[in-house]
Amino acid sequence: MMFKIASSPHNHSQKKTSAIMRTVIFACIPGALAQFYFFGAGNLIHIAMACAVALFCEAFILSLRDKPVRKHLLDYSALLTAVLLGLSLPPLAPWWITVIGTAFAITVVKQLYGGLGSNPFNPAMAGYVLLLVSFPLQMTMWLPPESIQHIDLTFFDSLSVIFTGFTTEGYSVNQLRMNIDGITMATPLDTLKTDLTLGLTTAESMTKSVFGAYGGLGWEYINLGFLLGGLYMLKTGVIKWQIPVAVLGSMAFIAIGGSIIDADQAAPPMLHLFSGATMMAAFFIATDPVSASTTDKGRLIYGCLIGLLTYIIRTWGGYPDAFAFAVLLANMCVPLIDQLTQPKVYGHPARGTKQ
Amino acid sequence: MSDIASEESNDEVLPETQTETQPEKNADIKKVIVDGLWKNNPVLVQLLGLCPLLAVTSTVTNALGLSIATLVVLVASNVTVSLIRNWVAKEIRIPVFVMVIASFVTSIELLMNAYSYGLYLSLGIFIPLIVTNCAIIGRAEAFASRNNVKMAALDGLMMGAGFTLVLVILGAVREVLGQGTLFDGADLLLGPWAANLKIVLFQSDTHFLLAILPPGAFFTMGAFIAVKNVIDNTMDEKKKQKEPAKTIERVRITKVSSEL
């Protein structure tokens, strides 16, 4: 006899795991297309490589563990991890970055803990953190968006940079990242952070070319793309509203507070919401059904924690974006959150009340 | 002595307590050796002394330096504890053991400061921290305080050797993964001639930082423990296959509850 531990009510959703995972992968498409438009085909190449590595690793470990390989490969969870990791890598990162990151995410973070459903950490983000900690140089080589690049980047250029480090015309990644004046252009969040330490105010920094109308140039459309995909997932019921709303809400709340207190030194709320990985993380990463909290109240707490941690690390930490760290830290709190937010069982008095 | 042994007989599996006059049996000696190196390895089984283990095994040289220091302290403290075991009152034995260990560690620290200054600097705080290494106080308490000098010395040597072995392999794996070399900085430990020992396995512009950082030690050690368990399991299975299967002739076992 086995008691399944799940929060009540125990009603069944008729969706299969594979259908859910497929929906999430499809919902990534608008954001991925936006990324393709602004940063070239790099991310698509990374996604393709990551998918191949993920399937190989998953099949290999499953066969070691004497599990049905075909059944588990067809639940698309490994592919989803690969897609999310591929989307979050810098577009022109070298090929071995993807291979190491995906192999670690699938074998160590997912399968060593017992496979789908047993992993306490989000595999894609743990893989990302491994890469960011181990290879900080390669993992921060973000390109400026297409409209302010002064070297045209074709599909074959992206492919060539990823595998050899140089474009077909012989430009290195660092040359691609420079503007006409030979100054390397960083991501909007990075630029703002550097400028603030140089004594510029937020308003002065945001006149630079990497900033768009309300977020980072290009990044705002990528984030809109992921927002669109996220809303589609909400509509189809694949994810619940609590986590994204809590992540975005808490982040906006703190960012507005920061702007009110010191508008010259704090990034404006819209920049926080529409730069970097915000929308993708809020809708696609934080909502991972395995590593996120499972109670409604818990989801709100979990989401708020992620928003808060991201704001703290973005503002005072050493890394330009912080979602991977925030998600992993919140993952660690999930068992505690779940235990403290157990809903009242139907027919029983609420905990702590006397009969 | 007898009352210490009887009162402190905890769950640890120990060879039979011996008196000074009784000569050691070969089986006991063999058991101490196998325990130290494999079956009760301080790192892989007892999981003791993890703090220095995780912090300094980024290269073979560091791992070797620290584990040799630990080995010397372990042997010396085991011998001393075994010598004084009959005169130390039970109530104050732990402070006495710690004093003994601390004095040996201080001597080692001064020696390293004098003869291998580079290594002394690179190991830093982890040399004095040998005092707090649970493997040492653990062996003093669990073994040396209830066995004769010879066995205690052997146990210290074997536990220290087991510790050294794991640390050096751990250091080697992390050094190869992290920076593609072996014996980097061996001259700090062994003198200028050892600078030639450095082996470059592969040249890479980017170091795999995670292997050098402490998380890398956790990952590598987890993998080691897994490998050890796999080897143990397969050996157990082989043993079982050799033994003839026991035939159970009883038909049914009826358990009668006492409450009825």
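Trainee: Where in chain B is Phe183(B) found?
Mentor: In this predicted model, Phe183(B) lies in the loop that links β1 (181-182) to α9 (187-190) of chain B.

Trainee: Does Phe183(B) count as buried, partly exposed or exposed, and why?
Mentor: Phe183(B) counts as partly exposed because its relative accessibility is 32%.

Trainee: Let us turn to chain B as a whole. How many helices and strands are there?
Mentor: Chain B has 11 helices and 2 strands. Of its 260 residues, 40% are buried. Chain B exposes about 14,700 Å², and carbon and sulfur atoms supply 65% of that area.

Trainee: Which residues of helix α7 in chain B are buried?
Mentor: In α7(B), which covers residues 134-142, the buried ones are Ala135(B), Ile136(B), Arg139(B), Ala140(B), Glu141(B) and Ala142(B).

Trainee: Now for chain A. Is Val83(A) buried or exposed?
Mentor: Val83(A) is placed in helix α5 (residues 77-88) of chain A. Its relative accessibility is 9%, so Val83(A) counts as buried.

Trainee: Which residues is Val83(A) in contact with, beyond its neighbours in sequence?
Mentor: Setting aside neighbours within four places in sequence, Val83(A) is in contact with Ile25(A), Cys28(A), Ile47(A) and Cys51(A). Val83(A) and Ala50(A) are 33 residues apart in sequence, and their C-alpha atoms are 7.0 Å apart in space.

Trainee: How many residues does each chain give to the contact between chain A and chain B?
Mentor: Chain A gives 10 residues and chain B gives 7. The area buried between the two chains is about 610 Å², with 79% from carbon and sulfur atoms. On the side of chain A, Val133(A), Ser134(A) and Phe135(A) lose the most area to chain B, together 52% of what that side buries.

Trainee: How many salt bridges are found across that interface?
Mentor: The rule finds 0 salt bridges there, and 1 residue pair in polar contact. As for helices, α6(A) supplies the largest share of the side of chain A that touches chain B, with 4 residues.

Conventions. Residues numbered from 1 in each chain as written. Chains lettered and ligands numbered in written order. Predicted model: local features only at pLDDT ≥ 70, side-chain atom pairs only at ≥ 80, totals over all residues. Heavy atoms only, no water. Buried < 20%, exposed > 50% of the residue type's maximum accessible area, 1.4 Å probe, protein only. Contact = heavy atoms within 4.5 Å. Areas by Shrake-Rupley, 256 points an atom, 1.4 Å probe, with all protein chains shown as cover. Buried area = accessible area lost by both parts, 1.4 Å probe. Salt bridge = Lys/Arg side-chain N within 4 Å of Asp/Glu carboxyl O. Polar contact = N/O pair within 3.5 Å; in protein donor to acceptor, adjacent residues only side chain to side chain.
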